[in-house]
Amino acid sequence: MDFLQNNLIYAVPLLGLVGILVMAVKSAWVNKQDAGDANMQELAGYIADGAMAFLRAEWKILSIFAILAASLLAYSGTVTEVNGKAIHSSWIISIAFIIGAVFSATAGYIGMKVATKANVRTTQAARKSLKQALKVSFTGGTVMGLGVAGLAVLGLGGLFIVFLKYFNVINANSHEMKTAIEVLTGFSLGAESIALFARVGGGIYTKAADVGADLVGKVEAGIPEDDVRNPATIADNVGDNVGDVAGMGADLFGSYVATILATMVLGQEITVTDNFGGMSPILLPMVICGLGILFSIIGTWFVTIKDEKSNVQNALNLGNWSSIIITGIASFFLVKWMLPETLNLRGYEFSSINVFYAIVVGLVVGTIMSIVTEYYTAMGKGPVNSIIQQSSTGHATNIIAGLSVGMKSTVVPILVLAGGIMASYHFAGLYGVAIAAAGMMATTAMQLAIDAFGPIADNAGGIAEMSQLPPEVRERTDNLDAVGNTTAATGKGFAIASAALTSLALFAAFVGIAGISAIDIYKAPVLAGLFVGGMIPFVFSALCIQAVGKAAMDMVQEVRRQFREIPGIMEYKAKPEYEKCVAISTQASIREMLMPGAIALITPVIVGFLFGPEVLGGLLAGVTVSGVLMGIFQSNAGGAWDNAKKSFEKGVEINGEMYYKKSEPHKSSVTGDTVGDPFKDTSGPSMNILIKLMSIVSLVIAPYIAISASDAANSTGMEVKKEIRVQKSVDSLGNETIDTLVNETDTVIKN
């Protein structure tokens, strides 16, 4: 036991390495599966080539950004003092930033690579059975989940050990520890920066292709969604990978790292006597998330079905809940072993068992968010059925119904989040809020496995359609795709919930480092910052949706041109020019992602340095509240519209009459889905990265805009009274000593 206590910090990167090794084994298994006939492999090759072409184009732009940002961070790290206050940083923060950026990009690449291999193998497996198709597609998703979680824990844990040695950290509450953690924020900033561009760029790509393919292929030409004759169908399938796989992977990689880091920053403020050199509050979030990888691996064992009639959604839920329950049980023993009986953060005293309760709150919040999201977006549930019913009276009523469902879907999640914040704070103060987020993120590997399974199944169905395989094959892939559509929505719900708690933890860390004790909205500048912050998610969403609209127009024109100028496409006598549609989406996404990214990165810097930390705090509060609401609304509305459209494939009953594909209500549902596409796959999911990235940027610049305690008192209109006392004492030998004591006795409101 003593050996484990003395070396626990080294177990963290080892747990990450275990995740990566298991990922490699599962990736090798996927590669060994049958990839089908030559035609299927050719189509899958187009998708893989298009996905890699997008990544290469994106990486060229992001590498320039990374070099410029790292240079600025390196310069900032050389600043040792601002306004007489010491800065605990180093030029090494630029190295941490680059490593975070590389790891984030690698996480997306891993998911992309396995997804483009698992898709065609899932199609081939579906020719045999639904059970085998689920096994291949979910194993592909598992590779993604374990890769992201493993890289995050390995990178964060490994760098922390290196920085402890490099900065010669001896005491957990020392200046050297502050420097080590401040430099570590560079890793999180790099991860979140790449995640934003990957999410926004991938979202623009996928929806430009999807909307273009739908409007011309399904609505105008009357051919199926994934028909090989549609020039945009390859770009559409590529988009599923760059948006829902690489984008989501980078997103949750950033959340994972930011959550652990925020908890470490707050944990560093807690002075404890323990068996870990006073580092137990700092190590706890890393250990929980590291063990969460193992529990996620165990959870994957439960994801299996017996036959064609088995419920795929229930199998995925069983795996998810298993990993969550095991994590909760293990956290009890971990907390009791690592933490002392009582802890204190910023005057709030709490016990170790209360830290466990806060972790449970995080797990419960994540679970409820997933359940609520599933209810609002799943086929057969009331919200989706309401959209179906209102599709019978036209396109406009379908749009109205979808907007209504999206807006109503914010109520329960926000109440759950609010209750979770209050409960976790009640149990363990600000540290409780942060550790609740860490508990929620502990099973990220499992959450991502379930999420990435969806795009793989979607691609598998597309390949089945394009290859004109027997109907039973498409039925099996459609079964998986329908479930995958719901899991994608629940994944987005989980992501936005984790982002909300993570942002609050980062906000608390920012307040501490910036030296402010409150955000007083009674002050005009702070209130102005609050309103500006609330506006940013709307501008950000508008830019994302506008980008999709512009790119989709280009795509529509290109698809129409090919139908018009290439004779024989509709008769299967000529092959469409898929690569031109891929190029349109790639160029548009790279071009249009820059402005939203600049808003997220530059706004906190401008506001912080011009107006100070309190106004910046108001800005962050506005961004967080508005961003969470916008994220939930857009993701759920888009998911509900999508499943309303998919419901017509099996037939729906409206006013006693059955309606199927190509009926008038179905055409209305296609319009709703087209509107919902950029909602659920571009602007909605980007909200969680927006609020996290702005919080991370604020945390990085906090030491440079921080105010002293007296400035903080003056800024709140308070004046500190000090009492000076001279104390005289005589020791046993008759020697006199005089001590001068300064005591802050009271504060008064300044006139």
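Tutor: We start with exposure: a residue is called buried under 20% relative accessible area, exposed over 50%, and partly exposed in between, with a 1.4 Å probe and protein chains only as cover. The model is predicted, so local features need pLDDT of at least 70 and side-chain atom pairs count only at pLDDT 80 or more, while totals for chains, interfaces and linings use all residues. Residues are numbered from 1 along each chain as its sequence is written, and side-chain values use heavy atoms, with hydrogens and water left out. Trp-321 has 39% relative accessibility and therefore counts as partly exposed.

Student: In which helix does Trp-321 lie, and which residues make the nonpolar surface patch?

Tutor: Helices (H or I, at least four residues) and strands (E, at least two) are DSSP runs, numbered from the N terminus. Trp-321 lies in helix α8, and this helix, residues 312-338, gives the most to the nonpolar patch, with five residues. Patches are made of residues with over 30% relative accessible area and no salt bridge, like charges being joined within 9 Å and nonpolar side chains (Val, Leu, Ile, Met, Phe, Trp, Tyr) within 5 Å; accessible areas come from the Shrake-Rupley method with a 1.4 Å probe, and for residues only the protein chains shown count as cover. The patch here covers about 610 Å² and is made by Trp-321, Ile-325, Ile-329, Phe-332, Phe-333 and Ile-371.

Student: How many helices and strands are there in the protein, and what is its radius of gyration?

Tutor: The protein has 20 helices and eight strands. Its radius of gyration is 27 Å, close to the 27 Å that the globule rule gives for 751 residues, so the protein is as compact as a globular protein of that length; the radius is taken over C-alpha atoms, and the rule is 2.2 Å times the number of residues to the power 0.38. Along the principal axes, the C-alpha atoms fill a box of roughly 110 × 60 × 50 Å. Of the 751 residues, 62% are buried.

Student: How should I read the pairing of strand β3 with strand β4?

Tutor: Two strands pair if DSSP finds at least two bridges between them. Four bridges join β3 to β4 (residues 348-351), and the two run antiparallel, with Leu-345 standing opposite Tyr-348 in β4. The strands form a hairpin with two residues between them, where Arg-346 in the turn has a positive phi of about 55°. Strand β3 (residues 342-345) has a covered face, Leu-343 and Leu-345, and an uncovered one, Thr-342 and Asn-344.

Student: How many salt bridges does the count come to, and which partners does Lys-645 have?

Tutor: Side chains of opposite charge can pair when their charged atoms come close. A salt bridge is a side-chain nitrogen of Lys or Arg within 4 Å of a carboxyl oxygen of Asp or Glu, and by this rule the count comes to 25. Lys-645 meets Asp-642 in a salt bridge (3.7 Å, N to O); both lie in helix α18, three residues apart, about one turn of the helix. Lys-645 also forms a salt bridge with Asp-673, the closest N and O atoms being 2.9 Å apart. As Lys-645 lies in helix α18 and Asp-673 in helix α19 (residues 664-705), the pair ties together parts that are 28 residues apart in sequence. Lys-645 is buried, with a relative accessible area of 3%, and Asp-673 is buried at 1%. Salt bridges that share partners join Lys-207, Asp-642, Lys-645, Lys-646, Asp-673, Asp-677, Lys-680 and Asp-681 into one network.
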